Amino acid sequence: MTVYTGKDPNPNNQIAYIKQPFLGGGFSPSLEIMNRDDEDAQQLASITANAVCCIGGICCDHTFVVSDPDGNEIGQIVKERPDSLTDLAQELGTDADNFTMYVPKDVPPETKAAMLASLHLLDYMFFENEGDINLDFVNGQCQCKLCVFFCCGCTSPCYCSCGGGDDEEQQDQNPYAQGEEGDGGGEEEPEEEVEEEEPEEEPEPEEEPEPEEEVFEEE
């Protein structure tokens, strides 16, 4: 993510560039705030989550610590959990989230702007559609997003599903359920077994009887 001053995204107006480190920080999500996007870029700050693998969820707060290049903490970005039924309904029914950013007064304005941009990036990465509930009244199923699993820069949403019948029962109820992949659906007709005809044996030639020898008796 590139941060500019003003409305014109001109390279001369670039004040910060936000990126993920190698492998995304391992098991804890991390972001690096650079002053620009080139080989000579200098790091302004880094952001690390106070969590391992499991990120998100509406049951607790989620804190991201902002540190300077020397490792000193200079601020925090906190995703607030719902404190009332109104906040809970807002989380479940809309895409709005509540964040709080703690920044000291002596932090440069460019770093503050980059931290604010990082807040929006974290919201998009881990808290999009948080608590989203999908109801299927036809099949009697319910699905809810619980959290996001993070590992080495990769994210995978985790859902909880309940209700509905087994796949075998649904196929039994649906007479047009498709069979295995590649067939046209429905039950396969049994193949007729074709018996192979054995070749007829040629009759063996009959042996000709040997002529009888005539015996002459001398008188």
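Predicted model: local features only at pLDDT ≥ 70, side-chain atom pairs only at ≥ 80, totals over all residues.
**Notebook: strands, a helix and some side chains**

Started at the hairpin of strand 6 and strand 7, which has five residues between the strands; Gly-71 there takes a positive phi near 95 degrees.

Strand 6 and strand 7 (residues 73–79) run antiparallel to each other over six bridges. One pair I wrote down is Val-66, whose bridge partner in strand 7 is Gly-75. On strand 4 (residues 43–49), I found antiparallel pairing with strand 6 over four bridges. Ala-49 has Phe-64 of strand 6 as its bridge partner.

Is strand 6 enclosed or open? I checked burial for residues 62–67: five of the six are buried, so strand 6 is largely enclosed by the rest of the structure.

Moved on to helix 2. I have it at residues 109–126, 18 residues in all, reaching 26 Å from its first C-alpha to its last. That is close to the 26 Å expected at 1.5 Å a residue.

Then cysteines. How many disulfides does the structure hold? I got zero. Cys-147 is in no disulfide, and the nearest cysteine sulfur to it, that of Cys-54, sits 3.4 Å away. Cys-147 is buried, with a relative accessible area of 14%. Cys-160 is in no disulfide either; its nearest cysteine sulfur belongs to Cys-162, 5.9 Å away. Cys-160 is partly exposed, at a relative accessible area of 39%.

Salt bridges next. The structure holds one. I traced it to Arg-81 and Asp-83, with the closest N and O atoms 4.0 Å apart. How accessible are the two partners? Arg-81 is partly exposed, with a relative accessible area of 36%, whereas Asp-83 counts as exposed at 61%.

Last entry, the surface. Which residues form a nonpolar patch there? I listed Leu-92, Ile-133, Leu-135 and Phe-137, with about 430 Å² of accessible area together. I followed up on Ile-133, which is found in strand 9 (residues 133–136). Ile-133 is partly exposed, its relative accessible area being 37%.

Key: Residues numbered from 1 in each chain as written. Heavy atoms only, no water. Patch = residues over 30% accessible without salt bridge, like charges linked within 9 Å, V, L, I, M, F, W, Y side chains within 5 Å. Areas by Shrake-Rupley, 256 points an atom, 1.4 Å probe, with all protein chains shown as cover. Salt bridge = Lys/Arg side-chain N within 4 Å of Asp/Glu carboxyl O. Helix = DSSP H or I, 4+ residues; strand = E, 2+ residues; numbered from the N terminus. Buried < 20%, exposed > 50% of the residue type's maximum accessible area, 1.4 Å probe, protein only. Disulfide = S-S within 2.5 Å. Expected span 1.5 Å × (residues − 1). Pairing = 2+ DSSP bridges.
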